[in-house]
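Thanks for coming. Please take a look at the sequence and the model, and then I'll walk you through two places in it.

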Amino acid sequence: MQVMKWSALALAVTACTTQLAFASAQSEPKGFVEDSSLNVLLRNTYWNRDYNKGVDDVKTWGQGFIGTFESGFTQGTVGFGVDAFGLLGVKLDGGQDDMFRLKSNGHRQDDLSQAGAAVKARFSNTVIKYGNQFPELPVLAYDDSRLLPQSFTGTLVTSSEIEGLELNAGRFTQDSPMASPARDGGNLKSINVLGGSYQFNENLSVALYASDIDDVAKKQYANVNYTIPLAAEQSLNFDFNIYRTKYENDTTASDSFFKNGIEGDKNTVFSLAGKYTAGSHAFILAYQQNSGDVGYAYDIGDGGSAIYLANSYYSDFNNAKEKSVQASYELDFAEYGVPGLSWKTAYVYGYDIKVLNESDAKEREFFNQVKYVFQNGPAKDLALKARNSIYRTDNNFGTDLNEWRLFIEYPLSIL
């Protein structure tokens, strides 16, 4: 914790010595209506989880409609605006809990809908927003990986008064899960977040964040991202992420699956990834390690994407004492005459997992994803994505599966 405090102080001192190079965004606002946007994302998704070891398979097919409205800011020293969203999900077949939940009669929901809004104010380059939001911070990040997005209700301040520096502070008191229209279906008491990121130059950035989830956990997060330019169209990037978490005693977090029957209520997990890019090709090696007596738990009030770690795929490789290594490859087909087409493949191996009476459980995942975005014509911006994970474990840890996730997304710009 002391290291985090000194790092934050160093970041603040560096930022204060940086020239204020920004003009005020509020000095020349385009206007509430003139700078407004209204977009609708049509998302069709199909999931198929083929489990082994006697576990029932899960299949889900659904159609989602995600509408978002963002106003501009009114003119004046302080500008005001409104953001809003509307969500609708329709079950086409099957069902799983993170898309369509079971009703009291034992049948799954056929559809779900939700609407939300937030008011916002801007002074200079600082925005304060209150209401229903989609926060994207390392310690509070909404999940949008399935049919409809998760949302939170609260206040978030985002300040960019100094060039390269972004500061965030917020408090949220409600968590609406992806498969629930309830405003507080996540049973969140409150979460306070504070931190920021600083871009020293085009090749180096750092970030520091902290959160306090009431009666659940306290977290600190740090990131360093550094790119070394090499020859033409070649570069080497290093990305380091670390979380330190202290779970409250006798809470769902510390007694969850991640604890695995082991005494302890804190952990430190980090990942270091190196990425070599050469034109359309990228090669990645990564190492991740959890040194705590419990696994790294997230979506415990901080969102289903609050895991900024290199080895997070179907499995997050975040169990107690777990170490994991990754080798992956990415290819952009634009150089080969197919712009918009990309492919990623990865293999991750986790070992030394401490679970129940064992200390050497293992897991592994072979991941592939192909995505194509239409570049022009009537279907411009239509995105097709196919994702496959082959997951295996041993020592009676976890459940083997083969998983397919298929997405068709078409964004419509209304305003």
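Gln26 counts as buried because its relative accessibility is 4%; buried means under 20% relative accessible area, with a 1.4 Å probe and protein chains only. Some ground rules. This is a predicted model, where local features need pLDDT of at least 70, side-chain atom pairs need 80 or more, and totals for chains, interfaces and linings use all residues. Numbering starts from 1 along each chain as its sequence is written, and side-chain values use heavy atoms, without hydrogens and water.

So where does Gln26 sit? In the loop between helix 1 (2–16) and strand 1 (37–51). Helices (H or I, at least four residues) and strands (E, at least two) are DSSP runs, numbered from the N terminus.

Now its surroundings. Leaving aside neighbours within four places in sequence, Gln26 contacts (heavy atoms within 4.5 Å) residues including Phe73, Gly76, Arg122 and Ser124. Its side chain reaches the backbone oxygen of Gly76 at 3.0 Å. Asn125 is 99 residues away along the chain, yet the two C-alpha atoms are 6.7 Å apart.

On to the cores. A nonpolar core is a set of buried Ala, Val, Leu, Ile, Met, Phe, Trp, Tyr and Cys residues joined through side-chain atoms within 4.5 Å. The largest has 26 residues, and Ile191, Tyr243, Tyr247, Tyr296 and Ile300 touch the most other members. Strand 11 (204–213) is one of the strands that each supply at least two residues. Its share, three residues, is the largest. Apart from this core lies another, of ten residues, among them Ile66 and Phe85.

Key:
Buried < 20%, exposed > 50% of the residue type's maximum accessible area, 1.4 Å probe, protein only. Polar contact = N/O pair within 3.5 Å; in protein donor to acceptor, adjacent residues only side chain to side chain.
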